[in-house]
Amino acid sequence: MLTIKNLHAAVDGKEILKGLELEVPAGEVHAVMGPNGSGKSTLAHVLAGRPGYTITSGAVHFKGRDLLALAPEERAREGLFLGFQYPVEIPGVNNVYLLKAAVNAARKHHGLPEVDAFEFLTLVREKMRLMRMDESMLSRGVNEGFSGGEKKRNEILQMLVLEPALAVLDETDSGLDIDALKVVAHGVNTLRAANRSMVLVTHYQRLLEYIVPDRVHVLIKGRIVRSGDRTLALELEQRGYDWLMDEAA
Amino acid sequence: MSTPLLTRLRDEFGAVRAALPANVIAAAARQEALERLCALGLPATREENWRYANLRVLERARFTPAAAEAAMPALPEPLSGFARYVFVDAELRAQAPAPPGVTVRSLRAPGAPTNGWRFGSDLPETRLALLNETFATDAASIEVRAGADAPGIELVFVAATGAQNGASYPRVRLALASGARLTVVERHLGAADAQSLVNSAVRVELAPNAQLTHYRLQHGGARAAWFDTLTAELAEAARYDLLAVSAGALAARSTVHARLLGAGAELTLSAAALGEGQQTHDMYALSEHRAPRTRTLETFRGIASGRARVAFNGKITVGENAPGTDSRQSLRGLLDGAEAEVDLRPQLEIYTDEVRCSHGATAGKLDENMLFYLLSRGLAPEVAQHLLKWAFLEDVIARIALPDLRRQIELALIGQMSEAATLKELL
Ligand SMILES: Nc1ncnc2c1ncn2[C@@H]1O[C@H](COP(=O)(O)OP(=O)(O)OP(=O)(O)O)[C@@H](O)[C@H]1O
Ligand SMILES: [Mg+2]
């Protein structure tokens, strides 16, 4: 599904990703953990195509295609979804409009007709119930005035509606209370499928109790320095990152 | 003052004066208006409050009223519950029966009373009302009886100046007696290719406790010059909600002078301007607080794309006899393109204590983070940009309380943006 080889990326002339390697096969859920400032969000942004990053070398393949050659909107339509660490508020752009526009953009890309407005609303309402979101949020501006946790739920709602092939969730668990964490995890779990992959960026092993990952990777100073199964997350929780710092140097 | 332009103005007036209807404005009054205008001179960009207007269009304009022979163009869908009046080149052509409590008169009609209503004010910025007074070929006077809660009136002005370019002078008086209520939708449309001049004058009189909701949509032709002068007087506890959208014309300038003369009078001025290509949208609004506990709530949202210029100059004065005044100004501009220009000027003059006044003005570009968020959801860059521009105008558009009208205005604005088709399906 996703293959990253020797990825080097810089922002404002400063190299952040320094030879990152990552392989996420179809159907798997991988967790990426690492200290603050290690480059996790940078990786997520580079994958989604955010402007401002310079790729100095390396390659990224998504479903066998050269991901870096695609514009951000093309990546999305091809099935890449980024759940933002800090979802932006867009007052005046209605939540439903955005959802519908996003779904239709992908459908058009795949030669499908637009969604039926009624069926679409029914689907969105169903997903909202799953996310325990109040329906009134639909008619509000995108994330406008949403609490931190509501914004994260809204990201997952979008993911559930878009049904991406690859979801990169950047600290979707941060700022969630226990109940919300369960709701979000449940939402993510309903989407697990043989033809879908997920990359969860997280600081906490707690999320991984609810969403059990196939692999855990440690990102330090722009590189994956260690990979393992879910027990690696437990080990990190106990020992922190210091013991891995040497490997990053 | 005498310039080649003023000489031409006099000549044009001399050639048509005998044909101008005396019912609408007496010949002597026209002559007097012309003299006053010539003494003041036409507006010039060296004047503080005209510097952002495109006044070059006045030089090529023909002032002579168009013959109003053009066929009726296609009109927007009627609004349900509204009585529609259509003016072609400012002359009343089609009308519905007036709603109960409301009298609508064309002063051009036989038997119409002579009148001495004054349009414009002493403020020199309103002096284009004198040009209207010189040439006006018709005037609509709309009166609402005391206490009447009248359904809506729709005034559609079409500048249809056929083959020959010419001017039109819409002229409207809106007078609400005490406690009366009315909603007026005023639209200005124009033939796409006419290089016409539209110079309208509107006079609003609100008696104590009267409430007027006034929507104005300027959607003039792409090559038109559109000038407009509106004065309003608000008596005690009167309420005037004015919402103006400027989308059309090559050069648009609107001047508003509102006087809050009675205690507790309230003005809400919401304006949006969308400038594309080479357009100029300029608005000057003066709100004078002359009585205690008066209120002005002013919101402006303007977008300039391409080489367009969008300007809003909002001045609020609080006189010494207006304690307890509350005024708020929120002006925002959005720049899209290196050659676009947005000029916002909030001005506040306070001569009394115990007032609450706040104002803010910001101009900036489309937010990169918002843009990327939309792209990351698969939206095409043009759609994302339009959506954000759209959202920016929402602060004003969302105040349109009539769903049909709101939808029409939304579609008109979208139509104004290029690559519009993609956005339409979202709404
Ligand atoms: N525009 C920029 N100019 C310089 N440095 C930048 C810029 N943007 C990000 N960085 C740096 O890149 C590094 C990686 O940032 P990134 O956001 O990817 O970290 P992260 O692993 O997501 O951290 P966190 O766990 O705190 O979210 C940080 O040191 C950050 O300061
Ligand atoms: Mg981060």
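Me: If a salt bridge is a side-chain nitrogen of Lys or Arg within 4 Å of a carboxyl oxygen of Asp or Glu, how many does the rule find across the interface of chain A and chain B?

Reply: The rule finds one salt bridge there, and its partners are A:E155 and B:R377, whose closest N and O atoms are 2.8 Å apart. Please keep in mind that this is a predicted model, in which local features need pLDDT of at least 70 and side-chain atom pairs count only at pLDDT 80 or more, while totals for chains, interfaces and linings use all residues. Residues are numbered from 1 along each chain as its sequence is written, chains are lettered from A and ligands numbered from 1 in the order in which they are written, and side-chain values use heavy atoms, with hydrogens and water left out.

Me: How many residue pairs in polar contact are there between chain A and chain B?

Reply: A polar contact is a pair of N or O atoms within 3.5 Å, where, within protein, one must be able to donate a hydrogen and the other to accept it, and residues adjacent in sequence count only if both atoms are side-chain atoms. Between chain A and chain B there are seven such residue pairs, with both residues at pLDDT 80 or more. The elements of chain A that each give two or more residues to the side touching chain B are α2 (72-77), β6 (80-83), β7 (90-94), α3 (95-109) and α5 (148-162), where helices (H or I, at least four residues) and strands (E, at least two) are DSSP runs numbered from the N terminus. Among these elements, α3(A) gives the most to that side, with six residues.

Me: What is the area buried between chain A and chain B?

Reply: Buried area is the accessible area (1.4 Å probe) that two parts lose on being put together, summed over both. For chain A and chain B it comes to about 2,100 Å², and carbon and sulfur atoms give 68% of that area. Of the part that chain A buries against chain B, 22% is supplied by A:R50, A:E73 and A:Y97, more than by any other three residues. Counted by contact (heavy atoms within 4.5 Å), 31 residues of chain A meet 19 residues of chain B.

Me: Which domains does the assignment give for chain B?

Reply: Domain bounds come from an automatic or database domain assignment, and for chain B this gives domain 1 (4-261) and domain 2 (367-427). Their C-alpha centres lie 30 Å apart, and the contact takes 15 residues from domain 1 of chain B and 13 residues from domain 2 of chain B. The two domains bury about 1,100 Å² between them, with 70% of it on carbon and sulfur atoms. Across this interface the rule finds zero salt bridges, but it does find three residue pairs in polar contact, both residues being at pLDDT 80 or more. On the side of domain 1 that touches domain 2, at least two residues each are supplied by β8 (181-190), β10 (211-219) and β12 (239-246) of chain B.

Me: Is B:N313 buried or exposed?

Reply: Buried means under 20% relative accessible area, exposed means over 50%, and partly exposed lies in between (1.4 Å probe, protein chains only). B:N313 has a relative accessible area of 5%, and therefore it counts as buried. This residue lies in strand β17 (residues 309-318) of chain B, and its side chain is joined to that of B:N49 by a polar contact of 3.0 Å. Leaving aside neighbours within four places in sequence, the residues in contact with B:N313 also include B:M283, B:Y284 and B:R345.

Me: How many residues of helix α5 (residues 368-375) of chain B are buried?

Reply: Six of the eight residues in this helix are buried, among them B:M370, B:F372 and B:L375. The N-terminal end of α5(B) is capped by B:D367, which has a side-chain oxygen 2.8 Å from the backbone nitrogen of B:N369.

Me: What is phi of A:R132?

Reply: Most residues other than glycine have a negative phi. A:R132, however, has a positive phi near 50° although it is not glycine. A:R132 sits in the loop between α4 (117-130) and β8 (141-142) of chain A, and it is exposed, with a relative accessible area of 62%. A:K221 likewise has a positive phi, of about 45°; it is found in the loop between β11 (215-220) and β12 (223-228) of chain A, and at 48% relative accessibility it counts as partly exposed.
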